[in-house]
Amino acid sequence: MTATRVGLLLLVVPILVLLGLYFVELGDIRQCQLVDQGHWDYLAGACRDTPQPFVPWIIRHPWVVNGGLLVSVVGLGLCMLGLYRRRR
């Protein structure tokens, strides 16, 4: 595979994984709030009867967020490198 193709994969796949994880959790939160009439506990990942504080995703999973964005930046660099080189 060329650097451009590897770069495109590294650019796109981590963002899709992050969005997938985010929307799976959002579905659980909406289920808890709208159907079960509860309050989402962000730290435990469970529905509770009492109000819980909001904890951002970046605080709960910093390695997933920062690692995914770092891999995307590496992918962007590989794409740029692959597009910059002349074809033989």
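Is Cys-32 buried or exposed? At 2% relative accessibility, Cys-32 counts as buried (buried means under 20% relative accessible area, exposed over 50%, partly exposed in between, with a 1.4 Å probe and protein chains only). The legends below describe a predicted model, in which local features need pLDDT of at least 70, side-chain atom pairs count only at pLDDT 80 or more, and totals for chains, interfaces and linings use all residues. Residues are numbered from 1 along each chain as its sequence is written, and side-chain values use heavy atoms, with hydrogens and water left out.

**View 1. The disulfide of Cys-32 and Cys-47.** The structure holds one disulfide (a pair of cysteine sulfur atoms within 2.5 Å). The sulfur atoms of Cys-32 and Cys-47 are 2.1 Å apart. This link is right-handed, with 75° about the S-S bond. The pair joins distant parts of the chain, 15 residues apart: Cys-32 belongs to helix α1 (residues 3-35) and Cys-47 to strand β2 (residues 46-48). Helices (H or I, at least four residues) and strands (E, at least two) are DSSP runs, numbered from the N terminus.

**View 2. Accessibility of Cys-47 and Cys-79.** Cys-47 has a relative accessible area of 34% and is partly exposed. Cys-79, at 7%, is buried.

**View 3. Leu-21 in helix α1.** With 40% relative accessibility, Leu-21 counts as partly exposed. Leu-21 is one of the residues that make a nonpolar surface patch of about 550 Å², together with Met-1, Leu-9, Val-13, Val-17 and Val-64. Helix α1 gives the most to this patch, with four residues. Patches are made of residues with over 30% relative accessible area and no salt bridge, like charges being joined within 9 Å and nonpolar side chains (Val, Leu, Ile, Met, Phe, Trp, Tyr) within 5 Å. A salt bridge is a side-chain nitrogen of Lys or Arg within 4 Å of a carboxyl oxygen of Asp or Glu. Accessible areas come from the Shrake-Rupley method with a 1.4 Å probe; for residues, only the protein chains shown count as cover.
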